[in-house]
Amino acid sequence: MKRPRAIGFDLFDTLVAVHPAALQEAHENLIVALHDEGFPVERAPFRAAYVDAAVRHLRETEKDGRETHNRFWIAAALEDLGFTVPPEDVRISRTVEGYFEGFYSHCSLLPGTHELLGKLSQDYPLGLLSNFTHPPAAWRILEQLDLPRFFRTVLISGDLGYRKPHPTVFRALLDGLGEPADRVLFVGDDPEADVQGARDAGLEPVLTNCVTDQGIPSVQTVLSPDRAARLPQDVPRISRWEDLLALLKHEPSD
């Protein structure tokens with residue numbers, strides 16, 4: 001492996017953990033918002049229909065890499081329950097905002113993340129590449145945790161129109177960093193989206209198990225990665241930020 005000239009990071013379960021309480025609050029907010037918008041759905045049937053719709057749409061993204069969005073899941077779930085409303089309806093947009101309100105107070109940085117990014121940004125251009133369906137929510141989380149100042153480029157899949165592991169998003173990251181693929185390290189927790197996606201695009205992946213290995217509570221959703229996926233043995237793994245610093249220190253030069 002060549003010495004990296006830039007480093008990219010995933011966001012959730014890499015730099016930021018979302019407490020499991022967020023999911024329950026988000027779904028409660030969504031039900032309330034739906035009622036406010038004139039859709040008197042029952043909690044359990046709607047939640048089941050919503051999760052089913054999310055899974056269906058996410059399976060479609062696996063075919064061509066195109067990003068999906070919560071408004072499609074909500075509209076599909078409503079249709080399953082007898083309400084016909086297009087995903088573009090402003091009422092659906094308001095319910096999406098209500099849903100994500102449940103997440104903001106439950107997001108926190110992994111221990112030492114500001115210190116790590118501050119140290120690395122002195123020596124490397126840093127980039128952020130996150131799979132996230134609703135960019136305004138991602139940006140709000142980034143701002144409230146004071147993260148954008150560390151990064152030369154910040155990319156959200158919902159803005160790009162494609163999601164990891166599609167090579168389009170990694171090319172966008174490389175463009176933002178201004179470095180060739182084989183000189184960019186990419187750190188993420190998802191074996192398929194982050195590790196295999198980065199490797200297929202020519203970047204050098206690093207798998208982070210910081211959340212699981214440190215026992216940090218983090219929400220699990222239909223978007224959560226398959227952590228049992230097998231990886232090539234030569235992919236470095238880290239359990240704490242000190243491991244990443246040690247890896248960078250011992251990278252061979254040209």
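A salt bridge here is a side-chain nitrogen of Lys or Arg within 4 Å of a carboxyl oxygen of Asp or Glu. The legends below describe close-up views of a predicted model.

**View 1. The salt bridge between R94 and E37.** The side chains of R94 and E37 form a salt bridge, with an N to O distance of 2.7 Å. R94 belongs to helix α4, while E37 sits in the loop between α1 and α2 (43-64). The pair links distant parts of the chain, its two residues being 57 residues apart. By the rule given above, the count of salt bridges comes to 14. Side chains of opposite charge can pair when their charged atoms come close.

**View 2. Helix α1 against helix α4.** Two packed helices are described by the angle between their axes and the distance between the axes. For α1 (residues 21-36) and α4, the axes come within 7 Å and the crossing angle is roughly 150°. Angles over 145 degrees count as roughly antiparallel, and α1 and α4 are therefore roughly antiparallel to each other. Their crossing is right-handed. On the α1 side the contact involves L23, E25, A26, H27, N29, L30, A33 and L34; on the α4 side it involves T95, G98, Y99 and E101. Sorted by class, the residues of this contact are six nonpolar, four polar and two charged.

**View 3. Helix α3 against helix α4.** Helix α3 (residues 70-80) and helix α4 (residues 90-101) have axes that come within 9 Å and cross at roughly 110°. The range for roughly perpendicular is 65 to 115 degrees, so α3 and α4 are described as roughly perpendicular to each other. The crossing of α3 and α4 is right-handed. Residues N70, R71, I74 and L78 of α3 meet I92, T95, V96, Y99 and F100 of α4. The contact of α3 with α4 has six nonpolar, two polar and one charged residues.

View 4. Six strands make up an open sheet, with parallel pairing and the order β5-β4-β1-β6-β7-β8. The edges are β5 (153-156) and β8 (237-238), each of which pairs on one side only. Within the sheet, β1 (residues 6-9) pairs with β6 (residues 184-188) in the parallel sense over four bridges. F9 has V187 in β6 as its bridge partner. Helix α5 (residues 113-120) packs on the sheet and touches β1 and β4 (126-130). The direction of α5 makes about 155° with that of β1. Helix α8 (residues 167-177) lies across β1, β4, β5 and β6, and runs at about 160° to β4. Strands of a sheet pair through backbone hydrogen bonds, either parallel or antiparallel.

**View 5. Helix α5 against helix α11.** The axes of α5 and α11 (residues 241-249) come within 10 Å and cross at roughly 15°. With angles under 35 degrees counted as roughly parallel, α5 and α11 are therefore roughly parallel to each other. The crossing of α5 and α11 is left-handed. T113, L116, K119 and L120 of α5 make the contact with W241, L244, L245 and L248 of α11. By class, six residues of the contact of α5 with α11 are nonpolar, one is polar and one is charged.

View 6. Most residues other than glycine have a negative phi, and most peptide bonds are trans. The peptide bond from K164 to P165 is cis, and its omega is near 15°. P165 is located in the loop between α7 (157-160) and α8. D13, a residue other than glycine, has a positive phi, near 65°. The position of D13 is in the loop between β1 and β2 (16-18).

Technical notes: Residues are numbered from 1 along each chain as its sequence is written. This is a predicted model: local features need pLDDT of at least 70, side-chain atom pairs count only at pLDDT 80 or more; totals for chains, interfaces and linings use all residues. Side-chain values use heavy atoms; hydrogens and water are left out. Axes are lines fitted to C-alpha atoms, for helices over the stretch in contact, and angles run from 0 to 180 degrees between N-to-C directions. A crossing is left-handed if the near helix is turned anticlockwise from the far one by less than a right angle, and right-handed if clockwise. Contact means heavy atoms within 4.5 Å. Ala, Val, Leu, Ile, Met, Phe, Trp, Tyr, Cys and Pro count as nonpolar, Asp, Glu, Lys and Arg as charged, and the others, Gly among them, as polar. Two strands pair if DSSP finds at least two bridges between them.
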